[in-house]
Amino acid sequence: MENNFFKPGDIVVLNKDIDNKPNKMLVIGKQNENNTLSGIICLFFDKNGQPYEYTFNTKDITKL
């Protein structure tokens, strides 16, 4: 079963309270392993403007 809720271009937030939590993130794709969704790839910037890509579990992000 494929999750079509998140798609490239969506703006999401992390729904966990962690240090250095990004304010907003841009969904840039999904990561699949063995034809199974393993995460959502997001782009975000740190406080210095450095870009980062990280794969998040769908349970850990919320669409704005």
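**Salt bridges and strand order in a predicted model**

Biologist: How does Asp10 count, buried or exposed?

Modeller: The model is predicted, so local features need pLDDT of at least 70 and side-chain atom pairs count only at pLDDT 80 or more, while totals for chains, interfaces and linings use all residues. Residues are numbered from 1 along each chain as its sequence is written, and side-chain values use heavy atoms, with hydrogens and water left out. Buried means under 20% relative accessible area, exposed over 50%, and partly exposed in between, with a 1.4 Å probe and protein chains only. Asp10 has a relative accessibility of 8%, so Asp10 counts as buried.

Biologist: Which residue forms a salt bridge with Asp10 at 3.6 Å?

Modeller: A salt bridge here is a side-chain nitrogen of Lys or Arg within 4 Å of a carboxyl oxygen of Asp or Glu. The closest N and O atoms are 3.6 Å apart, and the partner of Asp10 is Lys7.

Biologist: How many residues apart are Lys63 and Asp10?

Modeller: The side chains of Lys63 and Asp10 meet in a salt bridge, with N to O at 3.8 Å. Strands are DSSP runs of E, at least two residues long, numbered from the N terminus. Lys63 lies in strand 5 (residues 61-63) and Asp10 in the segment before strand 1 (11-14), so that the pair links distant parts of the chain, with a separation in residues of 53.

Biologist: Which residue meets Lys16 in a salt bridge?

Modeller: Lys16 is partly exposed at 41% relative accessibility. Its partner lies in the loop between strand 4 (51-56) and strand 5, whereas Lys16 lies in the loop between strand 1 and strand 2 (25-33), so the pair ties together parts that are 44 residues apart in sequence. The side chains meet at 3.6 Å, N to O, and the partner is Asp60.

Biologist: How many salt bridges does the rule give?

Modeller: Side chains of opposite charge can pair when their charged atoms come close. By the rule stated above, the count of salt bridges is three.

Biologist: Which strands are the edge strands?

Modeller: Two strands pair if DSSP finds at least two bridges between them. Five strands form an open sheet with antiparallel pairing, in the order 4-3-2-1-5. Each edge strand pairs on one side only, and the two are strand 4 and strand 5.

Biologist: Which residue of strand 5 stands opposite Val13?

Modeller: Strand 1 and strand 5 pair in the antiparallel sense over three bridges. In strand 5, the residue opposite Val13 is Thr62.

Definitions and conventions:
Helix = DSSP H or I, 4+ residues; strand = E, 2+ residues; numbered from the N terminus.
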